[in-house]
Amino acid sequence: MTTETKDAALAPMADLMPKIDSLYRDLHEHPELSLMEQRTAGKAAQWLRDAGYQVTEGIGGTGVVGLLKNGDGPTVLLRGDMDALPVKEETGLPYASTVTAKDHNGQTVPVMHACGHDAHTSCLAGAATLLAQAKQQWHGTLMVVFQPAEELVAGALAMVRDGLYQKVARPDVALGQHIIPFPAGVIAHRSGPTMAASYAMGITIHGKGGHGSAPDATVDPVVIAAYIVTRLQTIVAREISPSERAVVTVGLLQAGIKDNVIPNDARMELNIRSYSDPIQAHILEAIKRIVTAECDAGRAPKPPEFKELYSTIATVNDAATMARVKAAHAAHFGQDRLVEMPQLNGSEDFPYFGASGPGRFDGPDIPYAYWFVGATRHDTWAKAKGDTWEQKVTQVPFNHNSHFAPDREITLKAGVEALTTAALEFLK
Ligand code: ZN
Ligand code: ZN
């Protein structure tokens, strides 16, 4: 990518920014839960049509793809996710969400763009327009992907399984980004293992209910569950090497409805994260071993039941692809805006656009690069306690927090420019 190419592509940025900003505020005010992104998808599709893309809707649910063929050259996939979270917004912003919606269990929940996917959608839309307007500057095919249901780590795989690469095009490289609470406008990169594999497990522990005054005539699943929760803490502490990173979280523990009734069952949901397949497999085995043994120890009448709720693979950035992205970003933003990204325990389903295999897509893997864009207001960052970025980042509103409020102007501009310059690096 030459400086002239980049400058020509980014020249309309100032005129486009108000449009991107109003799309962002509109999406922020109208968030939609995973797999329910109809309105957002409609906006994305209309935006792409207006920008001259050939648009395919309804891939993997509400997924939208825009294709722009522009002569011989590589096919570059740019991805942005669209879904919001069941969080009650407390930012106090004038465009804060007051939306509620029925979730998949039929419960009414508040909805908020607490992970910044509204920014991802807006930045991707902006980059799509800039790249379409700069068609004389590059050759190849641009594939703009608006993905549903990232928060369930389901949307990317759903799009791939729905034949994204057969119906639309097979990319040579896939690029994506996520906003994080680093200072607004900073771009963070990492090669190799970057985000964790994640596995959500549902467990049912069977007891025998009865009167709270006669525990001897029952099998109390509450007590069994309590032992399980504490014993599970020994997996990472005692079974995984201290040089490895892994997480076992019990995020849900439910049993009983009244003080004097011992319930029949207890229910748990666990989240498991690591950076390698063998460690992930070890943890899953250890959980089943411990839960089964504790149920035996508590004389449960039936073995426990285990269920996979969802899972995703680790995000492992291709070194050569990431090196090119980083060089393009250094040329545009300057080295002082770039930082090295630490490994994250968070997860993504973006790697399903690159990792081939059964139930995904055929042929070789597609190299991918996934980077991060800082979103925290500079005055908020300055006030955050701590000497290092690792310390400060824990003191500012993080993704999924009800106070998460990106610095709109700087973040959106950086996100659009990061996608555009990275795409131009490959669209020669
Ligand atoms: Zn999220
Ligand atoms: Zn997210």
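Gln280 is buried (under 20% relative accessible area, with over 50% called exposed and the range in between partly exposed, for a 1.4 Å probe and protein chains only), because its relative accessibility is 9%. The model is predicted, so local features need pLDDT of at least 70 and side-chain atom pairs count only at pLDDT 80 or more, while totals for chains, interfaces and linings use all residues. Residues are numbered from 1 along each chain as its sequence is written, chains are lettered from A and ligands numbered from 1 in the order in which they are written, and side-chain values use heavy atoms, without hydrogens and water.

- Gln280 belongs to helix H8, residues 277-297; helices (H or I, at least four residues) and strands (E, at least two) are DSSP runs numbered from the N terminus.
- Neighbours within four places in sequence aside, Gln280 is in contact (heavy atoms within 4.5 Å) with Ala197, Ser198, Tyr199, Ile272, Arg273 and Ser274.

**Zinc ion (ligand 1)**

- Its protein donors are Cys115 (SG), Glu151 (OE), Glu151 (OE) and His400 (NE2), at 2.0 to 2.7 Å.
- Donors are N, O and S atoms within 2.8 Å of the metal (3.2 Å for Na, K and Ca), and sites may look incomplete because water is not among the atoms.
- The four donor atoms around the zinc ion (ligand 1) subtend angles of 53 to 149°, so the arrangement is irregular.
- Irregular is what remains after tetrahedral (four donors, all angles between 85 and 135 degrees) and after square planar (four) and octahedral (six), both of which need opposite donors over 155 degrees apart and all others between 65 and 115.
- The donor residues of the zinc ion (ligand 1) have the sequence spacing C-x35-E-x248-H.
- Cys115 sits in the loop between strand E5 (108-110) and helix H4 (117-133), and Glu151 in the loop between strand E6 (140-147) and helix H5 (155-161), so the pair ties together parts 36 residues apart in sequence.
- Cys115 and Glu151 are both buried.

**Zinc ion (ligand 2)**

- Cys115 (SG), His117 (NE2) and His178 (NE2) coordinate the zinc ion (ligand 2) at 2.1 to 2.3 Å.
- His117 in helix H4 and His178 in strand E7 (residues 173-183) are 61 residues apart, and the pair links distant parts of the chain.
- Both His117 and His178 are buried.
- Cys115 bridges the zinc ion (ligand 2) and the zinc ion (ligand 1), which are 3.0 Å apart.

**Cysteines**

- Zero disulfides are counted, a disulfide being a pair of cysteine sulfur atoms within 2.5 Å.
- For Cys123, the nearest cysteine sulfur is that of Cys115, 14 Å away.
- Cys123 is buried at a relative accessible area of 2%, and Cys295 is buried at 1% relative accessibility.
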